[in-house]
Amino acid sequence: TIKIKDELISAPYVALTIGLMRKFGVNVQIEGDMKGTPSFLIPESEQYVSPGSILVEGDASSASYFIAGAAITGGTVTVRGCGSESVQGDVAFANVMEQMGATVTWAPDSITVTRDPNTKLKGVDVDCGEIPDAAMTLAVAALFAEGPTTIRNVYSWRLKETERMKAIVAECTKLGATVEEFHDYCIIHPPKDNKVNDNVLIETYDDHRIAMTFSLAACGGVSVIIHDPGCTAKTFPTYFEMLESIATHE
């Protein structure tokens, strides 16, 4: 039995693990609220059994950068390996892009995103407690939206590889945004006319997701300099090569 004494942080990732265990024949009994202080019981009789075959999904958190890039630029991107049947909570990031004005098409194992050039992105107010990693990507998408974007329920940002709330505020401010920081949420007011500052040096704080997130500032047609891009090796060592492979230069 595992008992959570305080609040369970990043519950969707725990749910993902439990779901995968179930596919391998082990049932985890949950007592209490997953958003509060649940307990998890695995009976002694439970044993892992091979399902025979299983789809290994792509990382939905990493897919968020390409989904946001399409929403910002109006290009079309299809990410494969996660879709409407995904077990990962971060696929819900595509719904947030749709709220902002993107067009999203779902398939069982893929997501296609684009945006009508006559439709501008608009700021949103979103509870991102279920998608804390992908919520970082929203911070940069917010720079290209009309009106402020409020990213709520992300206290866990403060407990990750770096103090991500402080990092998001600092780097968005460098790019020209005005950011209001609160205990577990922030409000991002985009730069005037969505014109981000050129040639900004982004500090990555040895955090792979900061590096990948802020690379999207280049979608605004400006140069952005990423300090220590190699920190993406933690989860996506070929990220910048992949980004370059789908980019067009004007």
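1. Packing of α5. In this predicted model, the buried residues of α5 pack against α4 (132-141) and α6 (208-215). They also pack against three strands: β9 (178-181), β10 (186-189) and β11 (200-202). Helix α5 covers residues 164-174. Its buried residues are R164, M165, A167, I168, V169, E171 and C172.

2. The ends of α5. E163 caps the N-terminal end of the helix. A side-chain oxygen of E163 lies 3.1 Å from the backbone nitrogen of M165. Just after α5 comes G176, with a positive phi of about 115°.

3. Aromatic pairs. The whole structure holds 6 aromatic pairs. F66 and Y239 form a tilted one, with 5.8 Å centre to centre and 50° between the planes. This pair links distant parts of the chain. F66 sits in helix α2 (residues 60-73), Y239 in helix α7 (residues 239-246), and they are 173 residues apart.

4. Burial of that pair. Are F66 and Y239 buried or exposed? F66 has 11% relative accessibility, so it counts as buried. Y239 has 0% relative accessibility, so it counts as buried too. The cut-off for buried is under 20%.

5. The ring centres of F236 and Y239 are 5.5 Å apart. Their planes stand at 75°, so this pair is edge-to-face. F236 and Y239 are both buried.

6. The cluster. Which residues do ring pairs link into a cluster? They are Y65, F66, F236, Y239 and F240.

7. A charge over a ring. R152 lies over the face of Y185. The distance from the ring centre is 4.9 Å.

Key
Residues are numbered from 1 along each chain as its sequence is written. This is a predicted model: local features need pLDDT of at least 70, side-chain atom pairs count only at pLDDT 80 or more; totals for chains, interfaces and linings use all residues. Side-chain values use heavy atoms; hydrogens and water are left out. Buried means under 20% relative accessible area, exposed over 50%, partly exposed in between (1.4 Å probe, protein chains only). Helices (H or I, at least four residues) and strands (E, at least two) are DSSP runs, numbered from the N terminus. Contact means heavy atoms within 4.5 Å. A polar contact is a pair of N or O atoms within 3.5 Å; within protein, one must be able to donate a hydrogen and the other to accept it, and residues adjacent in sequence count only if both atoms are side-chain atoms. Rings of Phe, Tyr and Trp (its six-membered ring) pair if their centres lie within 6.5 Å; planes under 30 degrees apart count as stacked, over 60 as edge-to-face and the rest as tilted. A charge sits over a ring if NZ of Lys or CZ of Arg is within 6 Å of the ring centre and within 35 degrees of the ring normal.
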